[in-house]
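Take a look at the chain shown here.

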Amino acid sequence: MSIINATTARNNFFKLMEEATTTHEPIFITGKNGNVVVLSEEDYRSIQETLYLCNIPGMREKIIKGVETPLDECVEELDE
């Protein structure tokens, strides 16, 4: 996680873009009127998808159940 001020961010904008896309870590930029967070587009879309899925009634529980289900219970044997 990086925390930098707005002046440093402005002077290193393209480097910050590369850092966000390669490390997948948020970059916090502080300013006089508030702060912002720089994320890669991939990470932003992932967060949006997670929020969408967690807002579907019952989906969160189904995901948790799926994660807790042993793999051998998820795979069907094929008849040869």
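A disulfide is a pair of cysteine sulfur atoms within 2.5 Å. By this rule the model, which is predicted, has 0 disulfides. Cysteine 54 is in no disulfide, and the nearest cysteine sulfur, in cysteine 74, is 19 Å away. Cysteine 54 is partly exposed, at a relative accessible area of 39%; here buried means under 20% relative accessible area, exposed over 50%, and partly exposed in between (1.4 Å probe, protein chains only).

Two points on how the model is read apply throughout: residues are numbered from 1 along each chain as its sequence is written. As this is a predicted model, local features need pLDDT of at least 70 and side-chain atom pairs count only at pLDDT 80 or more, while totals for chains, interfaces and linings use all residues; side-chain values use heavy atoms, with hydrogens and water left out.

In soluble globular proteins, nonpolar side chains tend to be buried together. A nonpolar core is a set of buried Ala, Val, Leu, Ile, Met, Phe, Trp, Tyr and Cys residues joined through side-chain atoms within 4.5 Å. Which residues make up the largest nonpolar core? The 6 residues are Ile4, Ala9, Leu16, Ala20, Ile27 and Ile29. At least two residues of this core come from α2 (13–23), and at least two from β2 (27–31). Helices (H or I, at least four residues) and strands (E, at least two) are DSSP runs, numbered from the N terminus. Leaving aside residues up to four places away in sequence, alanine 20 touches Glu25, Ile27, Val38, Leu39, Ser40 and Asp43, where contact means heavy atoms within 4.5 Å.

The structure holds 1 aromatic pair. Phenylalanine 13 and phenylalanine 14 are its members, edge-to-face, at 5.7 Å centre to centre and 75° between the planes. Rings of Phe, Tyr and Trp (its six-membered ring) pair if their centres lie within 6.5 Å; planes under 30 degrees apart count as stacked, over 60 as edge-to-face and the rest as tilted. Phenylalanine 13 is partly exposed at 48% relative accessibility, and phenylalanine 14 is exposed at 67%.

There is also 1 salt bridge, meaning a side-chain nitrogen of Lys or Arg within 4 Å of a carboxyl oxygen of Asp or Glu. Glutamate 41 forms this bridge with arginine 45, the closest N and O atoms being 2.7 Å apart. Both residues lie in helix α3 (residues 41–54), 4 residues apart, about one turn of the helix. Glutamate 41 is exposed at 51% relative accessibility, and arginine 45 is exposed at 54%.
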